[in-house]
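The model is shown first.

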Amino acid sequence: MNRIHRAELIKVFNEESHSIIDKMREDLAALNKDMRDKNNDVRTKDLFRYAHTLWGSSGTVGFQEIERIAGALQEILMDLNGASVKLTPDIILLVTEGVEACETLLEQKEVINYQELMGRLRKAAEGKPKKSVGAVSTTTKESVGTQLPKERGKSSKNAHLTEREGISEVSMLIAATAHELNNPMMGIINLVQYCLKHTPEDDKRHAVLQDTEQETKRCIAIVKRLLAFSLLLTAGQEGRKKESCTAIMNKVLKSLSYNIEREKVSVTHDYSEGLPAVWMTPSKIEQTFLNIIGNALDALKESEKKQIDVKVRRKGEFIQVRISDSGTGIDPQNLERIFQPFFSTKPAGQGVGLGLCVSLTNIEKHGGKITCESKTGQGTKFEILLPLDRRKTRREQNEKERSGN
Amino acid sequence: MNELRIYLFLSSETPHSLMCVKNTRLALEERVGGQFDLEPVSLLDHPELSEERDIFVTPTLERTSPHPSVKIIADLSSIRSASAAVRLLLNDNEKK
Amino acid sequence: MKKNVLVIDDDAVIRKSFTLALEDTGYQVDTAESGEKGLEMQKNARYDLIFLDLNMPGLDGTQVLQEIRKLDDRVPVYVVTAFYQQFFDRLRAIEKEGIKFELLKKPVDGERILLLTKSVLENPGCIRQEEDKDE
């Protein structure tokens, strides 16, 4: 039971893998044609595109061998100048190796070692600062969150697992396991219900069967929650429109007004006039604001000073939303981990620690950035930046989808 | 809040689904005139709603307002069957 | 005439779930462990209701659905699936072709299987879904 057979993962992501392999076959066919027609000269950009597809596929199917090949190919390509390049034997070898590795993958001859996958997930959860997006930068211990795109690009060439990919891996693992459990769960509940139907109530087994039914329903509910979580993390771009951040914030504050009043929290807002609208999925942004302000309200429960300040203004090509509270602040060692899945400082039973993780995903899918600054005793500040350029939002989304998010 | 709000959960947006929506709309108009808000939802597009609203099969009609909420699993492929479904949906006292 | 139901699923415990749930209803419940087998059975005896698994080796659910519809565009086909985006992508292609199908969310228990089947096969074709007391 120590190995997750690749076949199981492939079964779940068959469609995506197949389309990536098809794309790679296309690219390889085009390359082969170029080689024949142009006597081994090919356009560098075609090679890059091929390497990019390989790289993307390694992120999706999580296969280190492909990652290694893609990495090696990219290294070579980085050194080449000019619009066209003579295909050297080692490039040709790498290109062919890449396709072979993927085909082997699909033939289910390879297995991924469960320990290996768990190790990678653990590493991602620990958030290695230098290689990760969304982890603490070692210079400013008080701030954490997404790095700007150009910083991200620098580390991704050698990245093993960034926090974003870590979330994707967790999501894949969860979905695959949940799916496997669905059939046996359905079987068990039906078998038990059948027995119940045919066991007289005065039979002492009747009550036991009822308990069995209950426990099975409990398992099903847990699996549903897991699946819902994995869906949340991989949801796409539906329902995008232009919407004002100020309007969303007002809506959120209004929906929380009962709690705000009950907790006797003072909320001030400072909205700039005439702010342009942002291209967004309003429900996702609403969910994010709701999550952060909800967390603030929880943080203020034990606080003497109960204050939340909300600012919405323009910052260059972004709308900047700042939410700060006068709560107890976040410990530096926890600050590194607040955006990670299942991280929570609340007592067991109160939330599972997915709120900020989902919020990070939401904002990043909009091409935005979310950061947090906090000092114990001095409160916490969240800053969200959302791009005004619609093309940037869409480009970020496509980039993430291509890199196997 | 006496407004009549109804969700129609469908599998997808095929000609058949659109016909179900049309039949439901007609059946509702027949019973309550124009005083209703019917929102068709494709679960293919919004699978998460099945969990939120506890919808396990399509098509399902859910009346969310006025309370209490009622869910009817129905065949909506004809006006006759849609009318039967709507009657069940709007009548709180009717037992299975 | 006796109403008949066909369950197409490669997993034996799923086929069993439907059989047990619909025992004593008076409906004829037949099962097929593959898409190919299911198609053959539908060709030989027009069913009144078909439950179809999406994820099967060999002919998968969407292919079976397409083939069924070529023969019969009226029979209600319930695609039994855990609602998962990746599986839904295949269904989108079906949707684009305008092929009619319904969705049945897995896992589903015997009470709900019975409720649904009754609503499809009996008049007047509608039935009330009770609140799940255990939610």
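Accessible areas come from the Shrake-Rupley method with a 1.4 Å probe, and for residues only the protein chains shown count as cover. On that basis chain A exposes about 20700 Å², of which carbon and sulfur atoms supply 52%. The model is predicted: local features need pLDDT of at least 70, side-chain atom pairs count only at pLDDT 80 or more, and totals for chains, interfaces and linings use all residues. Residues are numbered from 1 along each chain as its sequence is written, chains are lettered from A and ligands numbered from 1 in the order in which they are written, and side-chain values use heavy atoms, with hydrogens and water left out.

Chain A has 405 residues, and 48% of them are buried (under 20% relative accessible area, 1.4 Å probe, protein chains only). Its 14 helices and 12 strands are DSSP runs (H or I, at least four residues; E, at least two), numbered from the N terminus. Of the chain A contacts (heavy atoms within 4.5 Å) between residues at least 6 apart in sequence, 74% join residues at least 24 apart.

In chain C, 5 strands form an open parallel sheet in the order β2-β1-β3-β4-β5; strands pair if DSSP finds at least two bridges between them. β2 and β5 of chain C each have a single partner strand, so one side of each lacks a neighbour in the sheet. Neighbouring strands are turned by 25° against each other on average, direction ignored.

| Edge strand | Residues |
|---|---|
| β2 (chain C) | 28–32 |
| β5 (chain C) | 102–105 |

β3 (residues 49–53) and β4 (residues 77–81) of chain C pair over 4 bridges, and F51(C) has Y78(C) as its bridge partner in β4(C). Helix α3 (residues 61–71) of chain C packs on the sheet, touching β1, β3 and β4 of chain C, and its direction makes about 155° with that of β3(C). Axes are lines fitted to C-alpha atoms, for helices over the stretch in contact, and angles run from 0 to 180 degrees between N-to-C directions.

Technical notes
Buried < 20%, exposed > 50% of the residue type's maximum accessible area, 1.4 Å probe, protein only.
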